[in-house]
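Me: Hi! Could you walk me through this model? I'd like to start with the overall picture and then look at some details.

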Amino acid sequence: MLLIILMTIMACSGSPQTTASETPPAATIQLPGSTSFRPEGNLPLAPELRKEVLGNGLTTYLRYNGNPGRRVTLYLVVAAGSADESEDQLGYAHFIEHMAFNGTTTYPKNELVNYLRSIGMRFGAEINAYTSRENTVYKLEIPTDTPVFLERGLQVLKEWATDITFDPTEVEKEKGVILEERRSRLGPEEQAMANELPVLLGDSRHAYRDPIGTEASIRNATAESLRAFYEQHYRPERMAVIMVGDIVLKDAGKMLRQTFSFPAAEDQPSPRVIYPVIPATQMSFVSTYDDKFDKSLLQYQKIVPYEAETTIADYYDFILNRVAVEAIRLRLENISRSSEPAWLNAGFSSDYFFGLSRIYSFVVTSSTGRELEAFAQLAEEVERIRQHGFTASEVQRTIDKWRVWLSTLDIEDQDIRSNSFADEYVRNFMYGEPVPGIINERVYIKDALDRMSAEQLHQEALDILRNDEGFVAVRAKQSMAAAGLNLQAFDSLLEKARATRLEPLEDRQTQVGLYDKLPPEGSIVSEEQLADGVTRLVLSNGAQVLLKPTGYDKDTVKFIGMAPGGWVHYPVELHSSLVLAANLFSAAGLGDMDALTLDTLTAPLNASVSWGIDEEVSILNGETTRTDLEALLRLVYLISAEPGKDEVGFNQLRQYWAGQMEAYVNDPDYRFGNDWNRHLYAGNPRLQPLSADTILSVDFTQTRSIILESFARAAEFTYLLAGDFNIEEIKPLLAKHLGAIPAGTGRSSNLIEPLRPRNDAAGRHDFAYAREDRATVRMIWSAEAAWSLEKQQTLDYLAAALNNRLLDALREDLGATYVVSVSASFNPSPVSQFALVVSFDTAPESVNRLVAEVDQEIQLLARDGLSDLYLQQIKAAASRSIQGRLNTNDFWLGRMLQALMYNTGYDIRTQEQASLNYISSGNFRSLAKEIFQPGQRFVYVLRPPLE
């Protein structure tokens, strides 16, 4: 059921306690292709999917999909995870996942990684894997430019399924990597989860099978013991191979059958074992107290049996359930911002859980000492929904959100990426989730939304929120251990709420409209054709508009508005107002509309705009459809010329964020990032850490004036649009809304305390306030330097190549870190400067060794350049990336913006292709000599205090 999953507010399939009669669909449902089904009929298999069980028991899924083009997504799914481990095998399923990348019969040791990189594939985005309690999934996104790539990709999946080598040397090296991955998960949250799961899961097998395993089990693993688990569980009847992408189905199907019709090691099948979770029948409670918690977290959860959707009527009930879940979530969201609740934040969700079950979850955060008060208000709001249901505006807003989302999907235009289909087929294989196909699903969902009523949503909410008992977990500071946070206290609050007759929530009536009080519109005064199909318009208020019509994403339009003059032109004492303006004014509405009214009015519209004030620019960013483009432009006008007037909403959100600051300022990662930035930029006063006092000092009237000063100056703005539109059709809308924004006045170009990297040799700086036995390292090379587009692009490629080399050196060779990340930036303004950052986590005692290793690799790079192996890898990846990026609206917006800001010209395609020539050992060596100077090297380490 892909469409439900794709909606960002949705989770996985399944519908607990459904009753088909509650949402009766039509007697006969007409589907595309003149096919009719009755509600009691089984959900059909997607007509575009080919599903087959081979003679050896392995299941294959095959589907054509052109997004992304010239790519095919391949998954190997193994129905074996950590729940299948015995006590002496903890972590083995995950260990085997790691070993798959450390040697197969055809690709020993690191040759598989080198091969995949050599054809332009990137780890994380196109090469990935994960292990859960119930399965292990391997993922590849293979280029189809050359037929042999797909053949070898399938061969890699087959060797992961049957021929992992388990070289003893590689097993020992990988132990260090896994232990570092485990180290990265240390923290009070992980300890709390370890306390909670055995109670929540009722002592089921899943409660004691964390996929990462234990330190002892990892250290004690051997090549022989891992192979034994592998041979026991990696069997064809417990596997699925999924292929979705830009393929010829007939040829691909033949390749699948030929590659994966291998015999099982034993004739006797070994089917998957399902370890059930039995929902608790009584209230249960767990508390974890630790002073590392900066705020209290309360969870109220309930596990229910998974009930598969087998008929069309079941699917209708499932949709009703999902809409009701969203309506409950929206109720809590509205309470959070329209009043002053006892909680800091509250949410509600539903998701697939272990052992063929589902889980409903309320999650509430509160200030220390207000835990019971926050839970009492949550219990009251839950009971209010039980007693009175949802208001008419809540129902309409929730259904409108679904309609808007549904309207954005156009399967004929390949809007959905291949990996989304592949994920759906994983759920079908693992849990039996139906796959009716999105062409049919759109019909079901639209019909269900058309028929849905407030009464049905209320009844579904009663089923979700029925008075059977659940699970309460508390995470709080140690001082709350004696504060009476116990089972009896929370149970009493629930009973009190259930015994109280509550007033229904007042339904607010919207008195204003989005298009009220339209200002006089402007006009277009000139038009010019630029390179690469870009058109430039000038409006009567002086604004420029750059237009790039494309056909990359049907019925989608992307938008950016930009003017020079960010916070670097304002006094330091206004810095907090500038950086917090967009966040705090999200609660102030727009024009005469408060935030809730604005949300209600825009719920039926597919138009969104965000904005902010950056170091050197004021910027807007948005996305819409052709139909709702006018709504987006109206929002841009309102943000620019009529920012919100709801000071009460502004002050409530300001108070909320001030209350949250304790958690942020005490968080070691936040402190570390702030501290090393302050040192790198020589104590720049703009980098003072935020505090509750600084947030409370942000003044509504002053900040609103800054917004008007920054955005109501169209003469300095350029507005960029890329996407599916006709220039002649949208010209009147551009003049009507963007042309109505005041021209404004010129701004001072003086720079006030811009960020400049210090110019002294800083050496190493340690910050001893890490809470776990883990060190976080940032090695930074930064300095002022003359910018050019060639240098910027060369530095980007150098960073990507160096990332591959350091992954091999620090992770694969030394086994001393889980991941290494190299990032780079080179900006010509407001101060022309570069920065290259090498980041990794490791054991505190390993910091010196790894820093020395990075330094050695840098010295070799500056002296000899990079080897042909890494040059070829990065050139292949860059070439593939350019092919893909050129066909996206985001790329064209970004490059038009760069051309505008840095005067690099609009021959964008030519520039991108030419950039591949910068990938050479000589170029890298030359740039490395300039960047990796001793006086430009800074090392920052977050570590625990010394004992």
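Reply: Happy to, and we can go from the whole chain to its aromatic rings and then to one glycine. Keep in mind that this is a predicted model.

Me: Thanks! How many helices and strands are there in the protein chain?

Reply: The protein chain has 30 helices and 25 strands.

Me: And what does the radius of gyration say about a chain of 947 residues?

Reply: The protein chain has a radius of gyration of 29 Å, which agrees with a compact globule, because a globule of 947 residues would come out near 30 Å. Along the principal axes, the C-alpha trace spans about 80 × 75 × 65 Å.

Me: What share of the residues is buried?

Reply: Buried residues account for 58% of the 947. The accessible surface is about 37,000 Å², and 49% of that belongs to carbon and sulfur atoms.

Me: What about contacts between residues at least 6 apart in sequence, how many of them join residues at least 24 apart?

Reply: That would be 84% of them in the protein chain.

Me: Switching to charges: how far apart are the mean positions of the positive and negative ones?

Reply: They are 2 Å apart, with 91 positive and 128 negative charges in the protein chain.

Me: Now the aromatics. How many pairs does a search of the whole structure find?

Reply: It finds 38 aromatic pairs. In one of them, Tyr107 and Tyr115 have ring centres 5.5 Å apart and planes at 25 degrees, so this pair is stacked. Tyr107 and Tyr115 are both buried.

Me: How are the rings of Trp781 and Phe932 arranged, stacked or edge-to-face?

Reply: Edge-to-face, because their planes stand at 90 degrees, with the centres 5.1 Å apart. The pair links distant parts of the chain, 151 residues apart: Trp781 is in strand β22 (residues 775-784), while Phe932 is in the loop between α30 (921-931) and β25 (937-942).

Me: Are those two buried or exposed?

Reply: Trp781 is buried, at a relative accessible area of 2%, and Phe932 is buried too, at 10%.

Me: Which residues form an aromatic cluster?

Reply: One cluster is made of Phe285, Tyr300, Phe348, Tyr360, Phe362, Phe375 and Phe490.

Me: Last one, the glycine. Where is Gly153, and what does it touch?

Reply: Gly153 is in helix α4 (residues 147-162) and is buried, with a relative accessible area of 1%. Leaving aside residues up to four places away in sequence, Gly153 touches Leu74, Leu140 and Ile142. Its C-alpha atom is 9.7 Å from that of Thr73, a residue 80 places away along the chain.

Methods. Residues are numbered from 1 along each chain as its sequence is written. This is a predicted model: local features need pLDDT of at least 70, side-chain atom pairs count only at pLDDT 80 or more; totals for chains, interfaces and linings use all residues. Side-chain values use heavy atoms; hydrogens and water are left out. Helices (H or I, at least four residues) and strands (E, at least two) are DSSP runs, numbered from the N terminus. The radius of gyration is taken over C-alpha atoms; the globule rule is 2.2 Å times the number of residues to the power 0.38. Buried means under 20% relative accessible area, exposed over 50%, partly exposed in between (1.4 Å probe, protein chains only). Contact means heavy atoms within 4.5 Å. Accessible areas come from the Shrake-Rupley method with a 1.4 Å probe; for residues, only the protein chains shown count as cover. Lys and Arg count as positive and Asp and Glu as negative; His and the chain ends are not counted. The place of a charge is taken as NZ of Lys, CZ of Arg, CG of Asp or CD of Glu. Rings of Phe, Tyr and Trp (its six-membered ring) pair if their centres lie within 6.5 Å; planes under 30 degrees apart count as stacked, over 60 as edge-to-face and the rest as tilted.
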